[in-house]
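The structure comes before my notes.

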Amino acid sequence: MTDTANPEYPEAHMPLGVGAIVGETFSIFFKKLHLVLLLGFIPALIEVIVNNYTVAQSFDDIGTASFDNTAFYSGVIVSALITLLAYAVTTAVIIQFAYDAKLGRAARIGSYFSAAVVNLPAIAVLSIATTILYFIGLVFLVVPGIWIYAVFSVIVPAIVIDRAGFGAMGRSATLTKNYRWPIIGALILMGLCIVLVVMVITFIFAAAFGFSGIADPTASLGPWAFFEAALNAIAYGWLSITIALIFARLKEIKEGVSVSDLVDVFK
């Protein structure tokens, strides 16, 4: 194992290996697609139902005497929080799954969800905090926002793998130092792949079953709601696997720790 603490092997000279991370992400995702959907579907479905219900209520009330601005914005905030929590839980679950998949181990679904629930307070609070920082950066200048996202991109694996708790922001900042541009490149590349795949799947599904429900914001629960939840599970899962592999690579570079040393966390 390479001693990355040795000054003869400075970490900055070791590449992140974006190509290898992207290739392995594709491999794990497509080989384990059924499990990715299984692990991410329920949180995604809850998000879709809440969001669609909020939109439906808004459409019913707008323009009427009963319309309440406070209630409307409260609903928007609640909807945003539900979306954030759904993403956080899915990420926490699939990050653990990605390590097991990399090692060829059987999935331990119960362990994944129990670990996500135990760590949910830290995941939720830090996800909200970093999301606020990210959007502030985007509002003022796009590049600082993207940079902030890269700095804190491995917060969730730092929590569920390293058990960093509320110190995960500092842990993520330390791990990503000197590698933020490659991280941005990897995440943008995977984001483009996700968008393309989602667009193709949506078009095929809509062409086969009809386009009428695709833009119906009042359909709180129905075929399109389940389809949207499946798409979100795919998107969350794909991105989560990428983040898990980035985290593993950063650990390897900076601490000489292999994935096999990290995966056996919640026995």
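Before listing any contacts, I wrote down that contact means heavy atoms within 4.5 Å. I also noted that helices (H or I, at least four residues) and strands (E, at least two) are DSSP runs, numbered from the N terminus.

**Entry 1: what I am looking at.** This is a predicted model, in which local features need pLDDT of at least 70 and side-chain atom pairs count only at pLDDT 80 or more, while totals for chains, interfaces and linings use all residues. Residues are numbered from 1 along each chain as its sequence is written, and side-chain values use heavy atoms, with hydrogens and water left out.

**Entry 2: the whole protein.** I looked up the secondary structure and found eleven helices and zero strands. Of the 267 residues, 44% count as buried, where buried means under 20% relative accessible area, exposed over 50% and partly exposed in between, with a 1.4 Å probe and protein chains only. Among contacts with a separation of 6 or more, 78% come from residues 24 or more positions apart.

**Entry 3: α4 against α5.** I noted that two packed helices are described by the angle between their axes and the distance between the axes. Axes are lines fitted to C-alpha atoms, for helices over the stretch in contact, and angles run from 0 to 180 degrees between N-to-C directions. Helix α4 (residues 109-118) packs against α5 at an angle of about 60°, with the axes 4 Å apart. That makes α4 oblique to α5, since angles under 35 degrees count as roughly parallel, over 145 as roughly antiparallel, 65 to 115 as roughly perpendicular and the rest as oblique. On the α4 side I found A116, V117 and V118, which meet L120, P121 and I123 in α5. These residues divide into six nonpolar, no polar and no charged; Ala, Val, Leu, Ile, Met, Phe, Trp, Tyr, Cys and Pro count as nonpolar, Asp, Glu, Lys and Arg as charged, and the others, Gly among them, as polar.

**Entry 4: α5 against α6.** Helix α5 (residues 120-140) and helix α6 (residues 142-151) pack at about 160°, with their axes 5 Å apart. That makes α5 roughly antiparallel to α6. The contact involves L133, Y134, G137 and L138 of α5, together with V142, P144, G145, I146, I148 and Y149 of α6.

Entry 5: Is S127 buried or exposed? I found S127 in helix α5, and S127 counts as buried because its relative accessibility is 12%. Leaving out residues up to four places away in sequence, S127 touches L84 and A88.
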